[in-house]
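Here is a short report for a reader new to this structure. Please look over the sequence and the model before reading on.

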Amino acid sequence: MKYQTKIIALLLLFLNIVATTKAQVEQTSSVDLTTQVPIDPNVRMGKLDNGITYYLRANKMPEGRVHFRLVVNAGSVLEEEDQRGLAHFVEHMAFNGTEYYEHNELINKLQEKGVRFGGHVNARTSFDETVYYVNMPNDAEMLDMGMKILDGWASKLLMDPDEIEAERGVILEEWRGRLGAQYRMLQQYYPIVLKDCRYANRIPIGTEEVIKNFKRPTIMRFYEHWYRPDLQAVI
């Protein structure tokens, strides 16, 4: 009797799940998926003459701070075969010299102001985008510095050959650190679940061969082609 009761309970649960799923599908099918997601009315949005988009929002908390973001609509999926891993490499080079701050000068100046690398300033690279951020005090000097930082990342990376060579080791160590079971499984099932799709072989960390051997013109080709105002937003 107890066994029959369990079977009935499981059957009722299954029927309930089916009914709920059907209702969700019917509700979704009535939604116009081409409708744009509305912008928060508290956000001021616009586009500059050069094509860059900006978003501004006032926040009372945290008090006395300003949060800068540079979002680049370019990630590893846009890499050519000889650039695999270079979207991520460009992100690293953003902290190794711009026209405003050569070598590690940017990090040193920020740390002098109490801005910590990793916590207050950092970046990330994904398949579809690269995002840089810096959070700092909002006094006039720091606001000016913040805009220079964003401008440097957006269009004025030095890509110093010596800095590139030094950074190869850093990124190779990061690449080796990901060679665990999860990464090995990704390499196996991505080509299956993403068959015939560019995402299947554009994992942002890239390949050891490219990271070890690419020349400066190759990374500059990626930077100059994709880091342009019409693909960037300042937040």
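## The model and its charged pairs

This is a predicted model. The structure holds 14 salt bridges. Side chains of opposite charge can pair when their charged atoms come close. Some of these pairs are described below.

Start with Arg-57 and Asp-40. They form a salt bridge, and their closest N and O atoms are 3.5 Å apart.

How accessible is Arg-57? Its relative accessibility is 40%. Arg-57 therefore counts as partly exposed. Asp-40 has a relative accessible area of 33%, so Asp-40 is partly exposed.

## A pair within helix H5

Glu-173 forms a salt bridge with Arg-176. The closest N and O atoms of this pair are 3.3 Å apart. What separates the two residues along the helix? Both belong to helix H5 (residues 161–177). They are three residues apart, so about one helical turn separates them.

Glu-173 counts as exposed because its relative accessibility is 51%, and the cut-off for exposed is over 50%. Arg-176 reaches 39% and counts as partly exposed.

## A pair within helix H7

Helix H7 spans residues 208–213. In helix H7, Glu-208 and Lys-212 lie four residues apart, about one turn of the helix. Their side chains meet in a salt bridge, at 3.2 Å from N to O.

## A salt-bridge network

Glu-80, Asp-82 and Arg-221 are linked in a network of salt bridges.

Now turn from charged to nonpolar side chains. Which residues make the nonpolar surface patch? They are Met-185, Tyr-189, Ile-192 and Val-193. The patch has an area of about 440 Å². One of its residues, Met-185, is found in helix H6, which runs over residues 181–193.

Definitions and conventions. Residues numbered from 1 in each chain as written. Predicted model: local features only at pLDDT ≥ 70, side-chain atom pairs only at ≥ 80, totals over all residues. Heavy atoms only, no water. Patch = residues over 30% accessible without salt bridge, like charges linked within 9 Å, V, L, I, M, F, W, Y side chains within 5 Å. Areas by Shrake-Rupley, 256 points an atom, 1.4 Å probe, with all protein chains shown as cover. Salt bridge = Lys/Arg side-chain N within 4 Å of Asp/Glu carboxyl O. Buried < 20%, exposed > 50% of the residue type's maximum accessible area, 1.4 Å probe, protein only.
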